[in-house]
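Welcome to this guided tour. Open your viewer, have the selection tool ready, and follow along stop by stop.

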Amino acid sequence: MPEALTTSPLPSAAEPGPEPGPERPARSAWWRFGLLVLLLGACAGSLLLWSPTDLLSGGLANRMPGYWFAPLFTLVYAVGTLAFVPRPALNAVAGLLLGIQQGVLLAVLGTTLGAAMAFALGRGLGREALKPYLRGKVLGALDQRFTEQGFRSVLVLRLLPGLPFQAGNYGAAFSGVRFLPFLLATAIGVVPTTAVYVTAAASADQPGSAAFLVSAGVIALLVIGSLVGLWRAAAARRRALRTG
């Protein structure tokens, strides 16, 4: 009888090869998120050593050549937003120091640059760690809206009164909105509130002028709108707790 043919066992397709463990990407993502928290904490803590508003209003124009003043002012403004300095304070300094036209221009540029820096940090260091938490019903819907309608969503976000500037930056960075629509919507959306605060500060020495009265009135409306928004959010939270 012919000898039985011997065949070497073929590798089974059912046997999976070694897979990378899921813990390493998650751990690296959380390390990056921790670095983001440390960087933002360092920016906020740096205000113990320096003050953007004092630097901008403390003779900066006299210490630098004229052609350096605008870029340096914009950079200091942007870093100030990263350090969580309220934008109304920075806008007031811009109005007092530069007047209405140049103050609005440089404040909008500084705001846009600060938003770009915050977006880059949030997208690069925080999105991967927080992305699994964006799959809930509410957060998932928001993430989808920002992904599909990025420009419109960010523009509405910037026009809402009382919303913290950095909350909008990092909320957008953690979502799926693209960088260019975020930047364009920010540059356009911050113009109204920036112009109001800069105009109020620039015309503060003339409290009876139309510019000061109109800008002060708009600021009062923004404050009232913010308070109403907070009250409605708190009421909705209480209703949700009672029904839940």
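How many aromatic pairs does a search of the whole structure find? The search finds five. Here, rings of Phe, Tyr and Trp (its six-membered ring) pair if their centres lie within 6.5 Å; planes under 30 degrees apart count as stacked, over 60 as edge-to-face and the rest as tilted.

Before you select anything, please note that this is a predicted model, in which local features need pLDDT of at least 70 and side-chain atom pairs count only at pLDDT 80 or more, while totals for chains, interfaces and linings use all residues. Residues are numbered from 1 along each chain as its sequence is written, and side-chain values use heavy atoms, with hydrogens and water left out.

**Stop 1: the whole chain**

Start with a cartoon view. The protein chain has 13 helices and zero strands. Helices (H or I, at least four residues) and strands (E, at least two) are DSSP runs, numbered from the N terminus. Of the 244 residues in the protein chain, 34% are buried. Buried means under 20% relative accessible area, exposed over 50%, and partly exposed in between (1.4 Å probe, protein chains only).

Contact means heavy atoms within 4.5 Å. Among contacts in the protein chain with a separation of 6 or more, 77% join residues 24 or more positions apart.

**Stop 2**

Select Trp30 and Phe33. Their rings form an edge-to-face pair, 5.5 Å centre to centre, with 85 degrees between the planes. Both residues lie in helix H1 (residues 23-45), three residues apart, about one turn of the helix. Trp30 is partly exposed, with a relative accessible area of 39%.

**Stop 3: the largest nonpolar core**

Next, select Leu56 and Phe73. In the largest nonpolar core, which has 17 residues, these two touch the most other members. A nonpolar core is a set of buried Ala, Val, Leu, Ile, Met, Phe, Trp, Tyr and Cys residues joined through side-chain atoms within 4.5 Å. At least two residues of this core come from each of helix H4 (66-82), helix H5 (87-98) and helix H6 (100-125).

Which residues does Phe73 touch, not counting residues up to four places away in sequence? They are Leu56, Ala94, Leu97, Leu98 and Leu106. A second, separate core has eleven residues, including Ala115, Ala172, Ala173 and Val177.

**Stop 4: Phe84, in a loop**

Move to the loop between H4 and H5, where you will find Phe84. Most residues other than glycine have a negative phi. Phe84 has a positive phi of about 70 degrees, although it is not a glycine. At 40% relative accessibility, Phe84 counts as partly exposed.

**Stop 5**

Now select Phe119, which lies in helix H6. Is Phe119 buried or exposed? Phe119 is buried, because its relative accessible area is 3%. Leaving aside neighbours within four places in sequence, Phe119 is in contact with Asn169, Ala172, Ala173, Val177, Arg178, Phe179 and Phe182.

The ring centres of Phe119 and Phe179 are 5.6 Å apart and the planes are at 50 degrees, so the pair is tilted. This pair links distant parts of the chain: Phe119 is in helix H6 and Phe179 is in helix H11 (residues 179-189), 60 residues apart. Phe179 is partly exposed, at 38% relative accessibility.

**Stop 6: H9 against H11**

Two packed helices are described by the angle between their axes and the distance between the axes. Helix H9 (residues 150-159) and H11 pack at an angle of about 30 degrees, with their axes 8 Å apart. Axes are lines fitted to C-alpha atoms, for helices over the stretch in contact, and angles run from 0 to 180 degrees between N-to-C directions.

To view the meeting place, select Gly150, Phe151, Val154, Leu155, Arg158 and Leu159 in H9, which meet Pro181, Phe182, Leu184, Ala185, Thr186, Ile188 and Gly189 in H11.

**Stop 7: Val190**

Finish at Val190, in the loop between H11 and helix H12 (191-202). Val190 is buried, with a relative accessible area of 2%. Not counting residues up to four places away in sequence, Val190 touches Arg87, Val108, Thr111 and Arg158. Val190 and Arg158 are 32 residues apart along the chain, and their C-alpha atoms are separated by 5.9 Å.
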